[in-house]
Amino acid sequence: MARLNAPIILLKEGTDTSQGKPQILSNINACMTIADAVRTTLGPRGMDKLIIDDKGNVVISNDGATILKTLDIIHPAAKTLVDIAKSQDSEVGDGTTSVTLLAGEFLKQFKPFIEEGVHPQIIVRAVRKALAMALKKIGDISVHIKKDDAKELRELLEKCALTALSSKLVAAHKDFFAIMVVDAVQMLDDLLPLNMIGIKKVQGGALEESLLVAGVAFKKTFSYAGFEMQPKKYENVKIALLNVELELKAEKENAEVRVESVQEYQNIVDAEWKILYEKLDSIHQSGAKVVLSKLPIGDVATQYFADRDMFCAGRVPEEDLKRTMKACGGSIQTSVQNLTSDVLGFCASFEENQVGSERYNFFKGCPQAKTCTIILRGGSEQFMEETHRSLHDAIMIVRRAMKNDSVVAGGGAIEMELSSYLREQSRTIQGKEQLLIAAYAKALEVIPRQLCDNAGFDATNILNKLRQKHAAGSRWAGVNILQEDISDNFEAFVWEPSVVKINALTAASEATCLILSVDETIKNPRSAQDAPMGRGRGRPM
């Protein structure tokens with residue numbers, strides 16, 4: 001009999017396993033802690049976080065995705081929230097804090113039901129049902145803007161950019177940047193490729209000195225002697241884009257060339273010079289006045305071009321070379337044998353200008369300009385990095401608004417309307433789902449409540465006013481941060497593309513379902529974790 005009761009060992013010794021209700025509650029607590037980490041960054045009055053990574057680099061940001069990416073989170077369930085913030089950032093660009101807060105609040109509202117023994121799958125079913133109802137409601141009430149009217153479309157895009165920038169560090173200059181962002185996105189082609197907007201940062205100066213270049217601008221590359229003799233300004237110029245090295249190659253280490261006489265050695269040297277000069281001559285004959293290469297352009301070539309009134313730049317980053325090609329036409333050549341006019345680029349004006357302490361090459365008046373460059377100015381490096389992130393979010397929002405022309409009111413208005421609608425609908429449903437959908441509806445109120453808390457308002461008072469307004473049929477009533485009250489946020493032009501809210505609700509609900517579905521965690525032990533370090537060569541005892 002004793003042998004029948006012997007324990008069956010399936011897992012390696014030291015394996016950490018936890019399961020059942022305590023495991024689900026532990027995962028919920030971890031996710032709530034993550035939501036608390038970014039809670040105070042929401043909205044126009046949100047605070048910033050200062051994070052120092054393991055290398056000592058400092059990041060100052062109030063962007064949810066950036067903060068969660070920078071934190072080194074090891075809890076497996078909490079990583080789910082980091083992933084949804086990242087997906088929101090890459091898919092829509094804005095709403096990363098909202099999506100994390102919503103997921104944390106959904107779990108917080110469902111935690112008492114788990115503690116009371118409601119089966120997680122019943123909750124998951126209710127969440128999916130509530131999400132479907134919420135998405136249908138967004139589709140019904142979102143406002144479509146006519147794309148035919150260019151003026152109306154531009155106003156819509158500027159309003160969306162202003163809403164995205166109002167919660168960022170650069171909110172004081174949001175009018176200036178909103179116009180810049182909309183101009184930048186409208187310069188792109190129909191596919192709106194993000195990599196065709198280059199953002200360069202030059203330290204020094206004020207934020208308002210930032211400028212948008214309709215074309216390409218990049219920092220002057222490393223140059224040899226003779227560079228200063230080259231002209232720095234051209235009108236109606238042809239541009240050669242190369243992936244060719246224009247310098248004499250040094251012999252590789254330990255290379256061996258056996259020669260019988262000095263003349264043979266001289267012939268080898270002459271051949272090298274001849275090859276180089278043939279390359280330079282064919283570039284000159286092509287009629288190109290500006291030569292850009294991804295590979296180095298040596299001192300001989302630099303002087304050669306300077307003598308012929310040509311401008312050259314070597315070691316140009318690939319991304320800038322590709323954007324120049326998009327703007328000026330032509331194609332990047334890997335040899336100089338066939339430089340005909342159809343493979344050369346063209347622009348109306350090229351010049352090199354001083355921007356702050358850096359020198360920049362500007363290509364303007366490009367015939368195929370489907371690209372642009374934003375040059376950011378600012379004081380500290382961290383501030384410029386945060387400005388870059390803020391503009392990235394605004395650019396993503398404007399792109400989304402151009403692709404999906406429906407908008408909703410922000411400032412907690414859409415969340416309150418959905419909450420009010422789901423509460424009403426839950427009363428028509430029988431069984432446990434009624435309570436669970438009502439809990440989902442209550443969780444949506446976290447956005448307006450947090451906006452009030454972060455601005456220092458009385459959240460209970462403002463939420464009561466909002467509930468009363470929405471019950472009376474005022475669907476766009478939301479928090480007015482400027483007047484410490486509520487207002488019609490659609491009239492106040494606090495607009496957001498509806499795709500932002502759809503994506504945030506979907507991602508937060510899916511993450512909630514995923515975390516509630518996990519009831520066991522098995523952590524395998526690390527095999528070599530506790531092994532002593534071996535003494536390698538040169539390592540002291």
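How much space lies in the second largest cavity? About 50 Å³. Before I go on: this is a predicted model, so local features need pLDDT of at least 70 and side-chain atom pairs count only at pLDDT 80 or more, while totals for chains, interfaces and linings use all residues. Residues are numbered from 1 along each chain as its sequence is written, and side-chain values use heavy atoms, with hydrogens and water left out.

Okay, what's a cavity? On a 1 Å grid over the protein atoms alone, it's a set of points where a 1.4 Å probe fits but cannot get out, and lining residues have an atom within 4 Å of a point. Volume is the space filled by probe spheres set on those points, joined across faces, edges and corners.

(Helices here are DSSP runs of H or I, at least four residues, numbered from the N terminus.)

The largest cavity is about 60 Å³, and Phe 222, Tyr 224 and Cys 312 are among the residues lining it.

Now, the cores. A nonpolar core joins buried Ala, Val, Leu, Ile, Met, Phe, Trp, Tyr and Cys through side-chain atoms within 4.5 Å; buried means under 20% relative accessible area, with a 1.4 Å probe and protein chains only. The largest has 104 residues, and Phe 110, Tyr 440 and Leu 505 have the most contacts inside it. Helix α5 (residues 120-141) gives the most, eleven residues. Another core, of 20 residues, lies apart from it, with Leu 280 and Val 336 among them.

Methods. On a 1 Å grid over the protein atoms alone, a cavity is a set of points where a 1.4 Å probe fits but cannot get out, and a pocket is an open set with protein on both sides within 12 Å along at least five of seven lines; lining residues have an atom within 4 Å of a point. Buried means under 20% relative accessible area, exposed over 50%, partly exposed in between (1.4 Å probe, protein chains only). Helices (H or I, at least four residues) and strands (E, at least two) are DSSP runs, numbered from the N terminus.
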